Amino acid sequence: CIKSSLNCFLMGVHPMSKGRKTVLIVAGILLLLIVAGFRWYVGGYNRVVAMDENVQGSWAEVENQLKRRYDLIPNLIETVKGYASHEKDLFQYIADARTKYFSAKTVKDKIASSNQLEGALSRLLLLREQYPQLKANESFLKLQDSLEGTENRIAVARKRYNNSVQLLNTYIRTFFGRFFAGFAGVSNAEYFEVPETEQAVPQVRF
């Protein structure tokens, strides 16, 4: 009688214990999937944000060097004016390009205004060939040295910026990259490309 009761008890308890174990296993698997999915999402989100921050940081360095260039230009123009005062159209064009740069609100507009200046700045520097006295002007010599160093730094900063833009834009073009960029509010960045007609300008060599 006792044995019969024990068997009945075990038969009643065993199925319930097995069911609980299955539920726990399924719950554990789901929990692991949720944790893995969350880590995957956070990792992807953080990655695209880090790329965007790198682009912005690289652009800030480009802007620092461009501002240095624009700060040098007024003094350069004033020096050249003493020898080529009739080049008013060129001086005005450069002044307008400088104004457009500082009034630009977007990276795209700043790049456009910077490219606009490239050819004009080259023409300004080439005036030294028409006015050899400029080569003997101490102020002009100092400004040309400063501008040469600035142009080299701009080229380096522009390359770093374009590299960071390439990484971000390439990632955004991937399936999951587009997904994470959408959640992070990150969009494609603008390349700082110099038009082909201006790629060799200005090379400040005297």
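The following exercises, with worked solutions, concern a predicted model.

**Exercise 1.** Describe the second largest pocket by its volume and by the residues of its lining.

*Solution.* Begin with the volume, which for the second largest pocket is about 180 Å³. Next, look at the 13 residues that line this pocket, of which D52, V55, Q56, V107 and A189 are the closest to its centre. Finally, ask where the lining comes from: helix 1 (2–81) and helix 4 (138–173) each supply at least two of its residues, and helix 1 gives the most, with 4 residues.

**Exercise 2.** Decide whether S58 is buried or exposed, and find which residues it touches.

*Solution.* First place the residue: S58 lies in helix 1. Its relative accessible area is 14%, and because buried means under 20%, S58 counts as buried. Then list the contacts, leaving aside residues up to four places away in sequence, and S58 is found to touch R160, Y161 and S164.

**Exercise 3.** Work out how the buried residues of helix 5 are arranged around its axis.

*Solution.* Start by naming the buried residues of helix 5 (residues 175–184), which are G177, F180 and A181. Viewed down the helix axis, these buried residues fall within an arc of 100°, so they line one face of helix 5. Turning to the other side of helix 5, one finds F175, G182 and F183, which are exposed. To finish, follow the chain just past helix 5, where G185 adopts a positive phi of about 70°.

Terms used:
Residues numbered from 1 in each chain as written. Predicted model: local features only at pLDDT ≥ 70, side-chain atom pairs only at ≥ 80, totals over all residues. Heavy atoms only, no water. 1 Å grid on protein atoms, 1.4 Å probe; cavity = no way out; pocket = protein on both sides within 12 Å on 5 of 7 lines; lining within 4 Å. Points joined across faces, edges and corners; volume = space filled by probe spheres on them. Nonpolar A, V, L, I, M, F, W, Y, C, P; charged D, E, K, R; others polar. Buried < 20%, exposed > 50% of the residue type's maximum accessible area, 1.4 Å probe, protein only. Arc of directions from axis to C-beta. Contact = heavy atoms within 4.5 Å.
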